[in-house]
Structure formats: C-alpha cells, structure tokens
Amino acid sequence: STLTGTCTPVSAEPIPYPSTDGVNVASETACLMDADTGAILYNKDMDRQMYPASITKVMTTMLALEYGNLSDQVTMTSTGVAYVQSYSSNLGTLVGEVFTLEQLLYGTMLKSANDMATQVGEYIGGTLPSFIDLMNHKAEELGCTNTHFANACGMPDETHYTSAHDMVLIGQEAIKNEEFRKIVGTHTYTIPPTNMYSQPREFSSHNPLLTNPDYAFPGIIGGKTGNTNAAGNTLTTYTSNYGRTLVVCTLKGSSAPDAASDNVNLHTFGSSFFDNIEVIGADVVGRSVKATVPSGGSAADVEIAETPEGDGARLTFTYAGHDAGFRVLNKEEHEAWQKANTPELAIEEESDSQPAAAVDDDSQEEEVEQMHIGAERTPMSGALKVGIGFVVALLVLLLIFKLWSDYMRALRRRRRRNSIKNKRKREDKKK
C-alpha cells in the first residue's frame with residue numbers, strides 16, 4: 001500500500017526576525033509595543049529621558065477614570081484657571097464654573113486643555129501636589145524607570161520628563177479601560193452652556209491618525225498629541241488590527257506631520273510583520289499564553305526564561321534573541337507550569353495517585369484462580385491440598401509484602417518531592 005500526505009521537516013529553519021532598517025522614524029526617540037504580550041518590537045533610544053508635553057494627559061485621564069466618576073460635579077478653582085493664558089492650550093474656564101468630570105476629560109484629551117487637566121488633578125488628588133504624587137506612584141507601579149511628573153498637563157518643567165518606553169507602558173495600561181478608549185477615539189465633542197458661560201464649547205481631536213485623511217490608520221483606537229518648544233512634537237497612538245493591539249510613542253519630532261508619519265510607519269511595521277501565537281496552552285496554566293513572533297514563526301522557536309515574581313513567576317519570551325513578550329503567573333499557575341515542565345514531579349504525582357499494588361495484582365489473582373479451577377477438575381490428595389494451601393498462604397504473604405513495599409516507596413517519593421519543593425522555596429527566598 002502507498003501512504004500519501006504532507007510532512008513538515010522537523011529541522012526547518014526559524015522564520016528570520018524582521019529588520020527595522022526600512023522603518024523610517026524621524027523623531028529622536030520612539031517605541032513600539034504589542035500591548036497584548038508586552039513585546040517591544042521597535043526601539044529607538046526608547047529609555048532616554050525626554051520632555052512629554054501634553055501626552056502627560058494620558059496618565060491624568062487614566063487616574064481620573066480609576067478614582068473618579070464621570071458624573072461627578074467639579075467646580076473650577078484658581079488652580080486650574082491659572083492656565084487660562086495665551087501661551088497655554090485651554091478652554092477659557094472661569095473660577096466657580098461647574099463641569100462634570102466627563103466634560104473635563106474630553107476637554108483634556110481632545111482639546112488638550114491645560115486648565116481642565118489641572119483641575120482634574122486637583123479634584124482627584126484633593127490637592128494638586130497629592131495628585132502629582134499619585135501620578136509618580138502609578139508610573140513606578142507600571143514599571144516606568146525614566147519618568148517623573150511635576151504637573152498634570154505637561155507644561156514645561158525641567159523635573160517633568162518621561163521616555164518613549166515608559167509612555168507605551170502607561171498607554172498599555174490606559175487602553176484596558178473602555179471609557180478611556182471611548183474618549184481617545186472621539187472625533188468631536190461639545191460641552192453645553194454652563195452656570196457661568198452661555199455658549200457651548202465645541203472642539204475636535206488633535207490626533208492626526210484619527211482625523212486627518214493623510215494619516216488615517218485602520219483600526220485606530222486613539223491617542224494624544226503634545227507640543228512645546230522644549231519637547232518638540234510628541235505623539236502616542238493605539239491601534240487594534242488582526243486581533244492584536246499596538247501602542248506607539250514618538251518623542252521630539254521636528255513637526256506634527258513628521259510625528260504622524262512616524263506613528264503610521266511604526267503601526268504599519270508592527271501589524272504587517274508579526275503574529276501572536278500560543279506558546280503555553282490553556283490546558284497547562286488555565287489560560288492561553290501568547291508570544292509575538294515574526295509572521296509564520298513557530299512556538300518551537302520561542303525560548304522561555306523563568307524568574308520568581310511575588311508568589312508566582314514571570315515567564316519571559318524571546319525569539320532569535322529578540323523580545324517576544326512576557327506573562328506573569330500567579331502561584332497556582334506557576335505550580336502547574338513547574339509540574340508540566342519538571343518530568344520527575346509529574347511522574348511522582350502520577351505514581352502517588354495510583355493504588356499502591358496496582359502492578360502485578362491481576363497476574364497474581366489470575367494465578368490463584370487457575371489453581372482453584374485445576375482443583376475442581378482433578379481429585380486432590382490430602383498432601384496436595386496441604387501443598388496448595390501452603391502456596392496460597394505464601395502468595396498472600398508475598399502480596400502483603402508487596403503492598404507494604406509499594407506503600408513505603410510511595411512515601412519516600414512523596415518525601416523526596418516535598419524536599420525538592422522546599423529546596424526551591426528556600427532558593428527563591430534567597431533570590
């Protein structure tokens with residue numbers, strides 16, 4: 001007979017990692033991240049400290065959504081109104097004017113109103129300094145290492161800085177909030193007349209990837225622009241295509257069109273040349289774990305490094321030496337991962353779960369049964385009966401001995417397994 005079919009060679013060469021040489025980025029620093037896996041796909045001096053300008057407002061809005069309610073009534077104070085100046089982007093608010101928190105956040109993100117962003121900070125933090133402390137604490141919590149905020153709106157300050165890498169970490173967290181996505185994805189918004197202003201305030205998003213046909217990008221979620229003399233043109237944007245979410249940040253572009261082009265080029269690169277593939281099945285840790293690899297890449301070519309983190313562990317993925325993402329496992333997931341990847345533990349678990357005398361019992365019982373069958377067919381003398389009785393008694397003793405031996409062996413295995421686990425725990429504590 002003839003067998004037909006296809007076969008994939010086990011020694012196939014890995015798909016090469018895409019080169020970034022053809023990615024045109026004019027901004028001084030830039031970073032592209034796959035938000036779903038945490039993989040950094042493009043890095044141009046991404047950890048260099050730079051001035052963020054108004055993309056600061058991403059952090060302000062994210063914290064306001066975390067700690068406030070959109071229906072909250074917020075009264076403008078001199079703290080926010082201080083930014084109603086010709087040199088500062090604003091919406092001409094007045095002391096004593098009342099807005100909802102929702103209206104302030106749309107003004108903050110679409111109009112980039114410094115007066116509204118600052119008032120949001122004072123309202124959420126109780127005082128503006130307290131809110132700034134909250135901003136810096138949140139940045140540290142998200143893993144930012146080159147960020148320090150000195151205000152809630154991004155106005156120039158030598159102690160107010162960030163990095164492209166830190167801003168994609170902040171953006172990665174912000175877009176988890178559906179209300180944030182709604183705000184940054186809005187083209188135009190109108191604030192109706194207030195208690196102190198008789199005209200509606202209508203404004204549009206400054207994000208060119210959302211509103212400008214020359215830079216419109218499919219799957220755009222939204223983003224935030226920024227510009228000061230010191231910061232140049234800053235831009236952070238978020239897109240979702242083919243089941244993957246990308247976050248981009250570019251800092252110190254020479255012009256708004258250059259910053260927009262840089263963001264389009266990076267999103268195009270990230271969405272065109274990579275896939276997210278499963279590297280750990282849900283049957284192992286209870287959820288699918290994915291890594292970002294070149295399109296057509298195999299999970300077999302992903303290397304996994306494990307480091308302790310809290311009660312669990314962080315699994316870091318690399319492909320051909322490049323970042324492919326990470327996933328943090330909790331205690332239960334980590335134990336399942338260890339069991340699946342430590343054969344001796346899996347074997348001992350399986351052995352402990354079986355009855356101690358499962359092996360050879362059937363053959364011994366069959367042997368005794370055959371003796372009884374033979375006894376029914378052949379008349380036996382007294383001496384033969386005694387002999388058979390002796391053999392049966394001996395077999396029973398052997399069976400008891402085997403049960404005892406299996407029990408002791410299982411007990412030793414269990415102790416050895418506990419010893420391994422305790423040793424690992426001691427090593428983790430030392431680390």
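Visitor: How many disulfides does the structure hold?

Guide: The structure, which is a predicted model, holds zero disulfides. The criterion is a pair of cysteine sulfur atoms within 2.5 Å. For Cys249, the closest cysteine sulfur belongs to Cys31 at 7.8 Å, and that is too far for a bond.

Visitor: Is Cys249 buried or exposed?

Guide: Cys249 counts as buried because its relative accessibility is 0%. Cys144 also counts as buried, with a relative accessibility of 11%. The cut-off in use is that buried means under 20% relative accessible area.

Visitor: Let us turn to aromatic rings. By what is a pair of aromatic rings described?

Guide: Two quantities describe such a pair: the distance of the centres and the angle of the planes. In this model, a search of the whole structure finds six aromatic pairs. One of them joins Tyr106 and Tyr189, with 4.0 Å from centre to centre and 5° between the planes, and this pair is stacked.

Visitor: Which parts of the chain does the pair of Tyr106 and Tyr189 tie together?

Guide: Tyr106 belongs to helix α3 and Tyr189 to strand β5, so the contact ties together parts that lie 83 residues apart in sequence. Tyr106 and Tyr189 are both buried.

Visitor: Which residues do ring pairs link into a cluster?

Guide: The cluster consists of Tyr17, Phe269, Phe273 and Phe274, linked by ring pairs.

Visitor: Which strand is joined to β5, and by how many bridges?

Guide: Strand β6, residues 201-204, is joined to β5 by four bridges, and the two run antiparallel. Within β6, Phe203 is the bridge partner of Tyr189.

Visitor: Next, the backbone. Which value of phi does Ala53 have, and where does this residue lie?

Guide: Phi of Ala53 is near 60°, a positive value in a residue other than glycine. Ala53 is found in the loop between β2 (40-44) and α1 (57-67). This residue is buried, at a relative accessible area of 2%.

Visitor: And what is phi for Tyr242?

Guide: Tyr242 likewise has a positive phi, near 55°, and is a residue other than glycine. Its place is the loop between β8 (232-241) and β9 (244-253). Ala53 is buried, whereas Tyr242 is exposed, with a relative accessible area of 74%.

Visitor: Which elements supply at least two residues each to the lining of the largest cavity?

Guide: Those elements are α3 (101-111), α7 (178-184) and β7 (220-228). Strand β7 gives the most, with three residues. The lining includes Met109, Leu110, Ile183 and Val184, and also His206, Asn207 and Lys224.

Note on methods:
Residues numbered from 1 in each chain as written. Predicted model: local features only at pLDDT ≥ 70, side-chain atom pairs only at ≥ 80, totals over all residues. Heavy atoms only, no water. 1 Å grid on protein atoms, 1.4 Å probe; cavity = no way out; pocket = protein on both sides within 12 Å on 5 of 7 lines; lining within 4 Å. Pairing = 2+ DSSP bridges. Buried < 20%, exposed > 50% of the residue type's maximum accessible area, 1.4 Å probe, protein only. Phe/Tyr/Trp six-rings, centres within 6.5 Å; stacked < 30°, edge-to-face > 60°.
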